[in-house]
Amino acid sequence: MSHNTLVEIRNLSRFYGALQAVRDVSFTIRQGEVLGFLGPNGAGKTTTMQIISGNLAPSGGSVTIAGHDLLEDPRAAKSQIGYLPEQPPLYRELTVDEYLDYCAALNHVPRARRVQARDNAKERCGLHGVGRRLIGNLSKGFQQRVGIAQAIIHLPPVVILDEPTVGLDPIQIREIRALIRELGKEHGVILSTHILPEVQATCDHVQIINKGELVLNESIEGLEHHMKSASLTVAFHRPPAQAALEKLPGVKSVRLEKEGRMHVFHEPEKNPTDDILRLAVDNNLGLYEIRPGRLSLEQIFLELTTGVADGIVNETPAIPAELAT
Ligand SMILES: Nc1ncnc2c1ncn2[C@@H]1O[C@H](COP(=O)(O)OP(=O)(O)OP(=O)(O)O)[C@@H](O)[C@H]1O
């Protein structure tokens, strides 16, 4: 484990009866990194988060948190983690201060340091001024801040946030994302979400899980590269059969558009431009346009999780309303 690796997951798996919800998943998180964990419903995100946070036993594999093996030394490993589950564990009848004091005690913050820990967490989460309010009377955005404050009250190196912006309005979403970026400066953060722009707005690294398997593990820069380099738009006066392009090395799929135009999706490491030019010249296809396409994260997500990249975009990707919240 390198000196700034905070979480190391090796060959993690989890069965629910016959269903394998997580399959041989391995990854690491370093200090100062916000990792976006993406996947469609039922992909295995929550199961993975619950295992890493020590709330669910894996069927196989290992989890090491800040040097502590979660299975061999669960108490030490869990003390290094702050966890905001999908349903924040809030007591609506307590005030914010009462609740955070309780969480500090639960996380073994020494009694003499609890007030300082509480004030520090409130400060970082923008909760000053609401310490005496009942949690049940706060807006959803403020309740979510309280949920994040309980996750960081003991200053854990690793913070795990499961869908932290679900149900918030756009202003609250923006504030919580800014808070997550802020947390990422000091902690290693795992952010589970199915909101794609959230990953682009807050994360340094992105992972996509599908049917329990990791299908993408990339830095945001790597993803940008993938977005730019994984497709070509080509147009012919006398278009070839789709199958002729699909046969070229590196080509994954071809989509027909109007006026002899086609989108060619290819392996990122195997650009078929030369082969397409040769095919066009050898067969007199009247090639009049060839240029790199650009995929949106949504298209990469769809391609990896359903095998279909639906359409191609120009430099400003269009994101459907339900994903763009
Ligand atoms: N306690 C359980 N018992 C049986 N099956 C479960 C249990 N929890 C989850 N599953 C199944 O395991 C798979 C992965 O579920 P999980 O909740 O980890 O996915 P997810 O990616 O978090 O989905 P979502 O985005 O819908 O929350 C799903 O098929 C789900 O139905």
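**Entry 1: a pair to start from.** I began at T233, whose bridge partner in β14 is R291. Before going on, I noted that this is a predicted model, where local features need pLDDT of at least 70, side-chain atom pairs count only at pLDDT 80 or more, and totals for chains, interfaces and linings use all residues. Residues are numbered from 1 along each chain as its sequence is written. My strands (E, at least two residues) and helices (H or I, at least four) are DSSP runs, numbered from the N terminus.

Which strand pairs with β14 over 5 bridges? I found β11, residues 231-236, and the sense is antiparallel. I call two strands paired if DSSP finds at least two bridges between them.

**Entry 2: the sheet around that pair.** I read the strand order as β12-β13-β11-β14, an open sheet of 4 strands with antiparallel pairing. β12 (251-256) and β14 (287-292) are the edges; each has a single partner strand, so one side of each has no neighbour in the sheet. From one strand to the next, the twist averages 20°. For angles I use lines fitted to C-alpha atoms, for helices over the stretch in contact, and the values run from 0 to 180 degrees between N-to-C directions.

**Entry 3: the whole chain.** I stepped back and counted 11 helices and 14 strands. The C-alpha trace spans about 80 × 40 × 35 Å along its principal axes. The chain splits into domain 1 (5-219) and domain 2 (231-294), with bounds from an automatic or database domain assignment. How far apart are the C-alpha centres of the two domains? They lie 44 Å apart.

Of the 325 residues, 37% are buried, that is, with 20 or more other C-beta atoms within 10 Å of their own, C-beta atoms being placed from the backbone. I also looked at contacts (C-beta atoms within 7 Å). Among those between residues at least 6 apart in sequence, 66% join residues at least 24 apart.

**Entry 4: the other sheet I looked up.** This open sheet has 6 strands in the order β6-β7-β8-β3-β9-β10, and its pairing is mixed. Here β6 (81-84) and β10 (213-219) stand at the edges with a single partner strand each, so one side of each is left without a neighbour in the sheet. Neighbouring strands are turned by 15° against each other on average, direction ignored.

β6 pairs with β7 (residues 158-162) in the parallel sense over 4 bridges. Within that pairing, Y83 has I160 of β7 as its bridge partner. Helix α11 (residues 297-306) packs on the sheet and touches β3 (34-38), β9 (205-210) and β10; its direction makes about 35° with that of β9.

**Entry 5: helix α3.** Which residues of α3 (96-106) are buried? I listed V96, Y99, L100, C103 and A104. After α3 comes H108, with a positive phi near 60°.

How values were computed: Buried ≥ 20, exposed ≤ 12 C-beta atoms within 10 Å, placed from the backbone. Contact = placed C-beta atoms within 7 Å.
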